[in-house]
Amino acid sequence: MASTDEIRREWFEKDYYAILGVPKNATQAEIKKAYRKLAQQHHPDANAGDPRAEERFKEVSSAYDVIGDEDKRTAYDRAREMGAGAFGGGFRNGGAGGGFGGYPGGQGFGTADVNLEDLLGGMFGGASRRRTRPSRGADLETEVTLSFEDAMAGVTVPVTLTGPAPCTTCHGSGAAPGTQPIVCPTCSGSGQVAVDQGLFSMAQTCPRCRGAGRLVETPCPTCGGSGATRRKRTIQVKVPAGVKDGSRIKLAGKGESGGAGGPPGDLFVRVHVRTHQLFGRKGNDLTIEVPVTFSEAALGAHVQVPTLEGQVTLKIPAGTPSGKTFRVRGKGAPVKGGGHGDLLASVVVDVPRKLSREQKKLVEQLGEATETSPRAGLGVH
């Protein structure tokens, strides 16, 4: 585990905003979105044997651990504004009343009353002021592809994940069954201790609990006290009936395990739906093209049309033009909360490509008997 000084130095040397590719004024939601995208892209599971991807994943995770937390982000921004000299070089001008290196305004401080804890408002947290909080586990995202029929009917599908997961023995606490972690008696649970440096005091990582603020006296035999194990797990994902292509399903608490007894993250499942050879979709309505003959369109007819639940009879009125759409109520996609959308059946007049001699003669007779031109409205002869 890095020391407090190493962490502070890293804050000055690394631009976490640039690492995540977001501006300094980005919202927490934008930072989280950028982290998820980069973490998924460089995750070791997706880049097996690629050390550069693994290093990039660690770098992205470290950046998000700081600016993804509002309190740490505020401290990080303040620290970078003050400059590296605030910690690396001590008093830049030296002596009592000298300017504090990197501190805005170069204000002077007497040697008798300088305390970094007070000066920076507990930026790094003193032993008596800030307690180490359990950290929430990372969210995970995966994908599933369904047939059109399964998407309409609803289905439960298995999703297999490989990675850190809450230990099944201790349920993430890190302590052996029948025991619980205790508050570290050295730092009283803060994760840090105050060390007298002469002119001022510094907060350093507690050497006993290594900053966790808690001690596992009897470690879990399965995970060794970490609270997590790397394993393959299969999660059953219930996909609701009528799910749309691109929908995102959230499974709370099914992500990576949290740190220091913190809650696990969530799992997000992106659903892809294959196209259907007959049906299309517009919102909650399904669409279908219904071929009819010229005589059926001209004289009217009753034709059979398929739906998700069998056939229905569609009445085609006499004189129906090609492209006319009929609405069949309640035969569309299932709707959340109950009910169904509609089926939109569009009539397509089927023009035969080949005619027998007799058929051709009959069509010619029909043409000769037609008194008006369908192009009369165009002003042409």
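Helices α9 (294-299) and α10 (357-369) each supply at least two residues of the lining of the second largest pocket; helices are DSSP runs of H or I with at least four residues, strands are runs of E with at least two, and both are numbered from the N terminus. The model is predicted, so to read it well, note that local features need pLDDT of at least 70, side-chain atom pairs count only at pLDDT 80 or more, and totals for chains, interfaces and linings use all residues. Residues are numbered from 1 along each chain as its sequence is written, and side-chain values use heavy atoms, with hydrogens and water left out.

**The second largest pocket**

- The second largest pocket holds about 360 Å³ of space. A pocket here is an open set of points on a 1 Å grid over the protein atoms alone where a 1.4 Å probe fits, with protein on both sides within 12 Å along at least five of seven lines; lining residues have an atom within 4 Å of a point. The volume is the space filled by probe spheres set on the points, which are joined across faces, edges and corners.
- Helix α9 gives the most to this lining, with 4 residues.
- The lining includes T293, F294, S295, A298 and L299, and also V349, D350, V351, P352, L355, V363 and L366.
- By class, the lining has 9 nonpolar, 2 polar and 1 charged residues. Ala, Val, Leu, Ile, Met, Phe, Trp, Tyr, Cys and Pro count as nonpolar, Asp, Glu, Lys and Arg as charged, and the others, Gly among them, as polar.

**The four-stranded sheet**

- An open sheet of 4 strands runs in the order β10-β11-β15-β14, with mixed pairing; two strands pair if DSSP finds at least two bridges between them.
- At its edges lie β10 (280-282) and β14 (325-328), each pairing on one side only.
- From one strand to the next, the twist averages 35 degrees, taken between lines fitted to C-alpha atoms, with angles from 0 to 180 degrees between N-to-C directions.
- Strands β11 (residues 285-292) and β15 (residues 343-349) are parallel partners over 7 bridges. V290 has V347 in β15 as its bridge partner, and T287 stands opposite L344 in β15.
- Strands β14 and β15 run antiparallel and are joined by 4 bridges. R327 has L344 in β15 as its bridge partner.

**The three-stranded sheet**

- A second topic is the open sheet of 3 strands, ordered β1-β9-β8 and mixed in its pairing.
- Its edge strands are β1 (140-146) and β8, each of which pairs on one side only.
- Neighbouring strands of this sheet are turned by 25 degrees against each other on average, direction ignored.
- Strands β1 and β9 pair in the parallel sense over 7 bridges, and E141 has F268 in β9 as its bridge partner.
- Strands β8 and β9 (residues 267-273) pair in the antiparallel sense over 4 bridges, with F268 in β9 as the bridge partner of K250.
- Buried means under 20% relative accessible area, exposed over 50%, and partly exposed in between (1.4 Å probe, protein chains only).

**Cysteines**

- The structure holds 0 disulfides, a disulfide being a pair of cysteine sulfur atoms within 2.5 Å.
- C167 counts as buried, at 1% relative accessibility.
- C184 is in no disulfide either, with the nearest cysteine sulfur, that of C187, 3.7 Å away. C184 is buried, with a relative accessible area of 0%.
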